[in-house]
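Subject: A structure for you to explore

Hello,

Here is the structure I promised to pass on. Have a look around it, and then read my notes below.

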Amino acid sequence: MRRTGTTRRGALTATGALALGAVLTGCGGDDEDAGGKKPARATSAKAEKALREKAVRDGALLLARYDLVAEAHPAAAAGLEPLRAAVAEHGKALAPPRAKGEPKGDKAPPAPAGPVSADPKAAVRELAAAERRRADAHTEALLSAGPELARLLASVAAAAAAHAYLLTELAEETAV
């Protein structure tokens, strides 16, 4: 007696057909410029630039926080330097590409909010919390980023999570 209904071969064929249909639909070249709407690429380029600029601003704030903690607690400065250098490199990688003739526009980073804790352990823990917030923000931004920027944001979010862990360990080792 032969089974009726869905077979494994039929299910795989149907799944493949659906996947092929989804790929072909995504490759369509509808240009909605005539309807008064902006092309999707221009909108996504603007959104990507805004994501990049926000990430760079947040990184500049974090760099300033690292500098304040290192200045206030010189004993912790040596442990903070490699992490600070990585945050600076992340800022360079996330910076939006400039158009031809666009000025460099290096602005001074805004001053971080609030004073640094007088307790070195607490100050390093505050840095760890800032790195966790940075990791969370980059992870959230993945939802609206294009593929290339999403990969970069995921890498930076993972690095920020690792920094948070390392800073938590450094806080335990820091002498009061």
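Let me start with a term you will need throughout: a residue is called buried when its relative accessible area is under 20%, exposed when that area is over 50%, and partly exposed in between, using a 1.4 Å probe and protein chains only. Arg 52 has a relative accessible area of 8%, so Arg 52 is buried.

Please keep in mind that this is a predicted model, in which local features need pLDDT of at least 70 and side-chain atom pairs count only at pLDDT 80 or more, while totals for chains, interfaces and linings use all residues. Residues are numbered from 1 along each chain as its sequence is written, and side-chain values use heavy atoms, with hydrogens and water left out.

**The overall picture**

The protein chain has five helices and zero strands, where helices (H or I, at least four residues) and strands (E, at least two) are DSSP runs, numbered from the N terminus. Written from the N terminus on, the order of elements is α-α-α-α-α. Of the 176 residues in the protein chain, 26% are buried. Contact here means heavy atoms within 4.5 Å. Among contacts in the protein chain with a separation of 6 or more, 80% are between residues 24 or more positions apart.

**Arg 52 and Glu 53**

Arg 52 has its place in helix H2, which covers residues 40–72. Not counting residues up to four places away in sequence, Arg 52 touches Ala 93, Leu 94, Ala 95, Pro 96, Pro 97, Leu 149 and Leu 152. Glu 53 lies in helix H2 too, but Glu 53 is partly exposed, with a relative accessible area of 33%. Glu 53 and Pro 96 are 43 residues apart along the chain, and their C-alpha atoms are separated by 6.7 Å.

**Helix H3**

Helix H3 runs over residues 74–94 and has 21 residues. How far does H3 reach from its first C-alpha to its last? The distance is 29 Å, close to the 30 Å expected at 1.5 Å a residue; the expected span is 1.5 Å times one less than the number of residues. H3 also bends by about 50° at Leu 80, and a proline, Pro 82, follows within four residues. The bend at a residue is the angle between axes fitted to the seven residues ending there and the seven starting there. The buried residues of H3 are Ala 76, Leu 80, Leu 83, Val 87, His 90 and Leu 94.

Ser 117 sits in the loop between H3 and H4. At 18% relative accessibility, Ser 117 counts as buried. Leaving aside neighbours within four places in sequence, Ser 117 is in contact with His 73, Ala 122, Ala 123 and Glu 126. Ser 117 and His 73 are 44 residues apart along the chain, with 9.5 Å between their C-alpha atoms.

Helix H4 (residues 120–141) has 22 residues, which should span 32 Å at 1.5 Å a residue, and its end C-alpha atoms are 32 Å apart, which agrees. Buried residues in H4 include Pro 120, Leu 127, Glu 131, Arg 134 and His 138.

Two packed helices are described by the angle between their axes and the distance between the axes. Axes are lines fitted to C-alpha atoms, for helices over the stretch in contact, and angles run from 0 to 180 degrees between N-to-C directions. Angles under 35 degrees count as roughly parallel, over 145 as roughly antiparallel, 65 to 115 as roughly perpendicular and the rest as oblique.

The axes of H3 and H4 come within 13 Å and cross at roughly 20°. That makes H3 roughly parallel to H4. On the H3 side the contact is made by Ala 76, Leu 80, Val 87, His 90 and Leu 94, and on the H4 side by Val 124, Leu 127, Glu 131, Arg 134 and His 138.

H4 and helix H5 (residues 147–173) pack at an angle of about 165°, with their axes 8 Å apart. H4 and H5 are therefore roughly antiparallel to each other.

His 138 is in helix H4 and, at 4% relative accessibility, counts as buried.

Happy exploring!
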